[in-house]
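Welcome! Please take a moment to look over the chain below, and then we can walk through it together.

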Amino acid sequence: MKQVFGVMGDPIAHSLSPIMHNAAFEALGMDCTFHAFKVKQQDLGDALKGAQAMGFGGLNLTVPLKETAIGIIETDDLAARIGAVNTIDFKDGIKGYNTDGLGAQKTLEDAGVDIQDKNVLILGAGGAARAIAFTFTEAGAKVNIANRTPERAMTLAAEIGNVNGFGLDVLGRCLEDTDILINTTTVGMDPCIGDTIVTADQMHSGLTVFDVVYNPLKTKLLREAEAAGANPVTGIMMLVYQGAEAFRIWTGVKPPVDIMKKAVMEALKL
């Protein structure tokens with residue numbers, strides 16, 4: 001009988017995690033299958049208990065469930081400090097981890113971008129923003145957080161320490177001194193592919209623009225970055241790297257990163 005893994009979120013139809021993980025399982029000859037499940041915030045606790053009862057091997061969590069999981073389940077120290085969970089393991093009860101920050105850091109390293117001592121501006125204050133802000137601050141970056149609701153950005157900044165939080169109204173001024181801009185919001189995600197928070201006239205040529213949205217691969221934000229002569233970085237490898245680390249946590253097996261990347265690229269017809 002196949003062991004079941006999956007990703008929970010709402011919305012979830014856009015997720016490429018099933019394609020990516022099923023390709024990995026097949027390549028390694030593992031009798032496992034990965035599915036996407038639409039789960040609302042108020043149902044997360046019941047959904048996790050149900051998955052545990054049915055013998056699931058592990059889960060990923062995506063928007064809007066990452067922060068909801070805190071307080072519902074046990075977490076490792078990193079996820080507890082971040083305040084968000086994107087990976088669930090069932091080997092010893094229900095335990096949460098966070099692999100988003102590592103995935104983002106490795107993505108930028110692949111692009112030849114060193115985050116140490118760099119001015120990083122994160123758009124959004126949700127689960128992915130929390131993970132990246134905590135991870136990058138610990139790695140020596142100087143982090144600012146901008147959010148549509150300023151209070152959320154300021155609250156997150158205060159929780160991290162040595163981080164500034166503000167609303168979107170001061171973006172233009174802040175971007176002048178920013179080295180790395182990271183969009184962690186869903187703005188620009190299919191089907192709203194014509195939307196962006198930042199435009200080319202607000203960017204400069206020395207800016208690296210990283211969008212965690214991967215569908216479409218070249219978001220409106222990244223097209224604006226190209227127009228400004230900035231350095232665009234897609235969200236594909238963050239999806240792959242955070243998924244690869246989750247795969248390792250669930251199975252104890254070295255993940256086939258190249259195969260996972262190929263599966264996602266083929267799904268996006270690239």
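A salt bridge here is a side-chain nitrogen of Lys or Arg within 4 Å of a carboxyl oxygen of Asp or Glu. By that rule, the structure holds eleven salt bridges. Side chains of opposite charge can pair when their charged atoms come close.

Before going further, please keep in mind that this is a predicted model, in which local features need pLDDT of at least 70, side-chain atom pairs count only at pLDDT 80 or more, and totals for chains, interfaces and linings use all residues. Residues are numbered from 1 along each chain as its sequence is written, and side-chain values use heavy atoms, with hydrogens and water left out.

Lys2 and Asp31 join their side chains in a salt bridge, at 3.2 Å from N to O. Lys2 sits in the segment before strand E1 (3-9) and Asp31 in the loop between helix H1 (17-27) and strand E2 (32-38), so the pair ties together parts that are 29 residues apart in sequence. Helices (H or I, at least four residues) and strands (E, at least two) are DSSP runs, numbered from the N terminus.

Now step back to the whole chain. Its domain assignment, which comes from an automatic or database source, gives domain 1 (3-97 + 237-268) and domain 2 (102-233). Taken over C-alpha atoms, the centres of domain 1 and domain 2 are 24 Å apart.

How do the two domains meet? In terms of contact (heavy atoms within 4.5 Å), 16 residues of domain 1 touch 22 residues of domain 2. The buried area is the accessible area (1.4 Å probe) that two parts lose on being put together, summed over both. Between domain 1 and domain 2 it comes to about 1700 Å², with carbon and sulfur atoms giving 66%. Ile82, Met238 and Tyr241 supply 37% of the area that domain 1 buries against domain 2, more than any other three residues.

Charged pairs also link the two domains: the count between them is two salt bridges. In the salt bridge of Glu138 with Arg81, the closest N and O atoms are 2.2 Å apart. On the side of domain 1 that touches domain 2, helix H3 (77-82) and helix H9 (236-251) each supply at least two residues. H9 gives the most to this side, with six residues.

In an unreviewed entry, it places the feature "domain: Shikimate dehydrogenase substrate binding N-terminal" at residues 7-88. Over residues 7-88 the chain is 33% helix and 22% strand, with the end C-alpha atoms 10 Å apart. The annotation "domain: Quinate/shikimate 5-dehydrogenase/glutamyl-tRNA reductase", also from an unreviewed UniProt entry, covers residues 114-186. Residues 114-186 are 38% helix and 26% strand, and their end C-alpha atoms lie 25 Å apart.

Finally, a few details of the backbone deserve a look. Most residues other than glycine have a negative phi, and most peptide bonds are trans. The peptide bond from Asp10 to Pro11 is cis, with omega near 10°, and Pro11 is found in the loop between E1 and H1. The bond from Val63 to Pro64 is cis too, with omega near 0°; Pro64 lies in the loop between strand E3 (58-61) and strand E4 (74-75). Asp117, in the loop between helix H4 (100-110) and strand E7 (119-123), has a positive phi, near 65°.

Key
UniProt positions are given in the numbering used here, feature names are shortened, and annotations may be inferred rather than shown by experiment.
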